[in-house]
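Subject: Structure handover

Hello,

Please find the structure below. My notes on what was found in it follow.

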Amino acid sequence: MESSLEGNLKRIHDNHAWQPFTQMKLAHTPYKIDRGAGVYLYEGDRPIIDAVGSWWVNLYGHCNPRINEAVIRQLETMEHAMYAGMTHEPALRLSEALSAQSGDALPRVFFSDNGSTAVEIGLKMAFQFFQNHGRSEKRHFISLKDGYHGDTIGTMSVGTRSVFHKMYEPLLFDVFHVASPSDDFDFAAGKVKAQACDAALEDLERLLREKGDTICGFILEPLIQGAGGMKFYSPEYLKKAKELCKKHDVFLIADEVFVGAGRLGSYFAFGQSGVWPDIIALSKGLSGGYFPFAATLASEEVYRGFYSDDRMHTLFHGHSMTGNPPGCVASLVSLEIFEELHQNGVVQELEQWHRRLLINLMEGPAGKHVRNCRYFGSVAALDVNLDSGYTGDFAPKMLAKSIEKGALIRPLANTVYLTPPLIIEEEQLDTVYEVLESSLEEIVGG
Ligand SMILES: *Cc1c(COP(=O)(O)O)cnc(C)c1O
């Protein structure tokens, strides 16, 4: 389908735009989105269901009236004030509310602007904690294979060296990558298999035994490895990994940038394991997808490692826009909405719609093109059977085809996933699956 970007705006795009993760020479002209409302983005008057929550950030719909109203009120009061030497009510209220979501296991809240920085701050906390304690040898990190933690130098370093990040290898610091517990989904049981867990835990245990004295932190994405291919794993792993980390004096850093803020049915995904990590990084859905806004939560133990008469023990990190009041307010209202949805079992219901619609898909004509259908909370994913060589083409074709049919679906290589806003209605999700099935048939079946 042709983009509606034309005339002067097309000229500006061609002369001045440089978009993320985009080879500008090869990319088609982008679709021009004119407004958003609820689950819909509008190209002119044409509604497109945002089935991926605009890069996983949108949880409560576009232009949510409640969030809008609170943000507008905040803008008329104070748009921003320096968050050092001064403070303000929105940041304080949000700090308390986030801490409460962890049952006060992680009571200290450090604000920043995006997922990558929230993760990077967590890494600096774990690293400096041991430096402050004179244990300078504890300075390395462990991360899971297939992990993704962001695009800055530090977060690329702890991530898997994907094709995108290989280029920057000479700039990255070394980390220890351990086996991922991710496993196939047992559809009948409605949950991920836990067979890969044991081997992954053994790998972690071996590494900690051999190198634990040199390690300050272990970073992982709890329950779903997102950008690495929407790979699911069992909460059991988190529980045991936490025990192992504790035994070896290593901080467990949960990158909840994707899975947190309610995406998987609990505010923090880690909460589903029955234990808590030492540090949590949060962004994307934190502000309902409204602002470049993020938070890193820390346990009191981590915080106490910096609380000192020695100024050199200060956490030397800060961004100009830290604690931005409209971001705080959007996050507070988002949290309120989440609690109401949670009380009404909305995410559990959405999970069941995913299940029903995936069964439909597997039994229908598109079923032969897919494998490992899976769902968890608001997330559904499946892998498409493709001839080798076709993989590179598939994602842009699916994007174009789905938008033409009225839903935004943007695969990761041959993994198709759906991460709709939590407020999507059943008929709207039906439509998304219709678009998905017919697009699959036309692209892969044809
Ligand atoms: C998106 C993402 C990040 C990076 O967040 P940005 O806001 O894009 O910098 C980090 N970790 C995970 C798990 C993510 O999904």
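**A helix across a sheet**

Helix α12 (residues 346-363) lies across β15, β16 and β17, running at about 170° to β15. Some terms first: helices (H or I, at least four residues) and strands (E, at least two) are DSSP runs, numbered from the N terminus. Axes are lines fitted to C-alpha atoms, for helices over the stretch in contact, and angles run from 0 to 180 degrees between N-to-C directions. Contact means heavy atoms within 4.5 Å.

The model is predicted, so local features need pLDDT of at least 70 and side-chain atom pairs count only at pLDDT 80 or more, while totals for chains, interfaces and linings use all residues. Residues are numbered from 1 along each chain as its sequence is written, and side-chain values use heavy atoms, with hydrogens and water left out.

The three strands form an open sheet in the order β15-β16-β17, with antiparallel pairing; two strands pair if DSSP finds at least two bridges between them. At the edges stand β15 (370-376) and β17 (415-418), each with a single partner strand, so one side of each has no neighbour in the sheet. From one strand to the next the twist averages 15°. Strand β16 (residues 379-384) pairs with β17 in the antiparallel sense over four bridges. L382 stands opposite V416 in β17.

**α12 and α14**

Two packed helices are described by the angle between their axes and the distance between the axes. For α12 and helix α14 (residues 426-445), the angle is about 30° and the axes are 10 Å apart. That makes α12 roughly parallel to α14 (angles under 35 degrees count as roughly parallel, over 145 as roughly antiparallel, 65 to 115 as roughly perpendicular and the rest as oblique). The crossing of these two helices is right-handed; a crossing is left-handed if the near helix is turned anticlockwise from the far one by less than a right angle, and right-handed if clockwise.

From α12, the residues L350, W353, H354, R356, L357, L358 and L361 meet E426, L429, D430, Y433, L436 and E437 in α14. By type, the contact has eight nonpolar residues, one polar and four charged. Here Ala, Val, Leu, Ile, Met, Phe, Trp, Tyr, Cys and Pro count as nonpolar, Asp, Glu, Lys and Arg as charged, and the others, Gly among them, as polar.

**α3 and α11**

Helix α3 (residues 65-77) packs on helix α11 (residues 325-343) at an angle of about 155°, with the axes 9 Å apart. The two are therefore roughly antiparallel. α3 passes α11 in a right-handed crossing. On the α3 side the contact is made by R66, I67, A70, V71, Q74 and L75, and on the α11 side by P325, P326, V329, A330, V333, S334, E336, I337 and E340. Of these residues, 10 are nonpolar, two polar and three charged.

**A sheet from β1 to β3**

Another open sheet of three strands has the order β1-β2-β3, with antiparallel pairing. Its edge strands, β1 (35-37) and β3 (46-49), each pair on one side only. The twist averages 30° from one strand to the next. Strand β2 (residues 40-43) and β3 pair over four bridges in the antiparallel sense, and Y42 stands opposite P47 in β3.

**The whole chain**

The protein chain has 14 helices and 17 strands. Along its principal axes, the C-alpha trace spans about 65 × 55 × 45 Å.

Regards
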